[in-house]
Amino acid sequence: MTKSEKALEMFANGFNCSQAVLAAFAPDFGLDEKLAFMLGTQFGGGARNGEMCGAVSGALMVLGLKYGHYESGNYEQKSHAYAIATEYTKRFKEQNGSIVCRDLLGYDLTKPDDMACIKEKNLFADICPKMIESAVEVLESILADYE
């Protein structure tokens, strides 16, 4: 099963976009799946505010596991981690036009009328899987490019 398929399966089983992306990669970095689900919980739906897409947040957490800054005073390490995050978001934007959940959905999930439209149009089931696939695809390309 590919990472994309695994993430989509997790999403179909009730986990949010951030949880699905992070957990699909978690074992590769020694992170327990349960802990990955717990860490990713608050980032779905753009941190429940329609901000940064949860799939993007999950992917950035994976990049943190691989390239994250962890040594005090190591500004080269920090700069490298930030450059990779910038490249990731650039590529995701190129594919999808934005990294912002409300832009990707076309509605603001914090507004009751917009949330009703999202549910009526089944956008979480239509748009979010596409964003998960894209987030994983871009993540895999970044991991390959920076290996």
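The model is a predicted one. Its largest nonpolar core holds 43 residues. A search of the whole structure finds seven salt bridges. The count of aromatic pairs comes to three.

**The nonpolar core**

- The largest nonpolar core has 43 residues, and those touching the most other members are Val21, Leu63, Tyr88, Phe92, Leu105 and Leu139.
- Helix H9 gives the most, with 11 residues.
- Leaving aside neighbours within four places in sequence, Phe92 is in contact with Cys53, Val56, Gly97, Ser98, Ile99, Leu104, Met131, Ser134, Ala135 and Val138.

**Aromatic pairs**

- Phe15 and Phe37 are stacked, because their ring centres are 3.8 Å apart and their planes meet at 5°.
- This pair links distant parts of the chain. Phe15 sits in the loop between H1 and H2, while Phe37 is in helix H3, 22 residues apart.
- Phe15 has a relative accessible area of 28%, so Phe15 is partly exposed. Phe37 has 11%, so Phe37 is buried.
- Tyr88 and Phe92 also form a stacked pair, with ring centres 6.4 Å apart and planes at 20°.
- Both Tyr88 and Phe92 lie in helix H6. They are four residues apart, or about one turn of the helix.
- Tyr88 and Phe92 are both buried.

**Salt bridges**

- The whole structure has seven salt bridges. Three of them follow.
- Lys3 and Asp28 join through their side chains, with N to O at 2.9 Å.
- Lys3 is in helix H1 and Asp28 is in the loop between H2 and H3, so this bridge ties together parts that are 25 residues apart in sequence.
- Lys3 is partly exposed at 22% relative accessibility. Asp28 is partly exposed too, at 47%.
- Glu87 forms a salt bridge with Lys90, and their closest N and O atoms are 3.7 Å apart.
- Glu87 and Lys90 are both in helix H6, three residues apart, which is about one turn of the helix.
- Glu87 counts as buried because its relative accessible area is 17%, under the 20% cut-off. Lys90 is partly exposed at 42%.
- Glu87 also bridges to Arg91, with N to O at 2.7 Å.
- Glu87 and Arg91 are four residues apart in helix H6, so about one helical turn separates them.
- Both Glu87 and Arg91 are buried.
- Salt bridges with shared partners join Glu87, Lys90, Arg91, Glu94 and Asp145 into one network.

**A nonpolar patch on the surface**

- Leu35, Met38 and Leu39 form a nonpolar patch on the surface. Together they have about 270 Å² of accessible area.
- Leu39 lies in helix H3. Its relative accessibility is 41%, so Leu39 counts as partly exposed.

- Ala47 has a positive phi of about 55°, although Ala47 is not a glycine.
- Arg48 has a positive phi as well, of about 65°, and is not a glycine either.
- Ala47 lies in helix H4, which covers residues 44-50. Arg48 is found in helix H4 too.
- Ala47 is partly exposed, with a relative accessible area of 36%. Arg48 is partly exposed at 43%.

**A look at Arg102**

- Arg102 lies in helix H7. Its relative accessibility is 27%, so Arg102 counts as partly exposed.
- Not counting residues up to four places away in sequence, Arg102 touches Asn49, Gly50, Glu51, Tyr107 and Asp108.
- Arg102 and Ser57 are 45 residues apart along the chain, and their C-alpha atoms are separated by 14 Å.

Notes
Residues numbered from 1 in each chain as written. Predicted model: local features only at pLDDT ≥ 70, side-chain atom pairs only at ≥ 80, totals over all residues. Heavy atoms only, no water. Core = buried A, V, L, I, M, F, W, Y, C linked by side-chain atoms within 4.5 Å. Buried < 20%, exposed > 50% of the residue type's maximum accessible area, 1.4 Å probe, protein only. Helix = DSSP H or I, 4+ residues; strand = E, 2+ residues; numbered from the N terminus. Contact = heavy atoms within 4.5 Å. Patch = residues over 30% accessible without salt bridge, like charges linked within 9 Å, V, L, I, M, F, W, Y side chains within 5 Å. Areas by Shrake-Rupley, 256 points an atom, 1.4 Å probe, with all protein chains shown as cover. Salt bridge = Lys/Arg side-chain N within 4 Å of Asp/Glu carboxyl O. Phe/Tyr/Trp six-rings, centres within 6.5 Å; stacked < 30°, edge-to-face > 60°.
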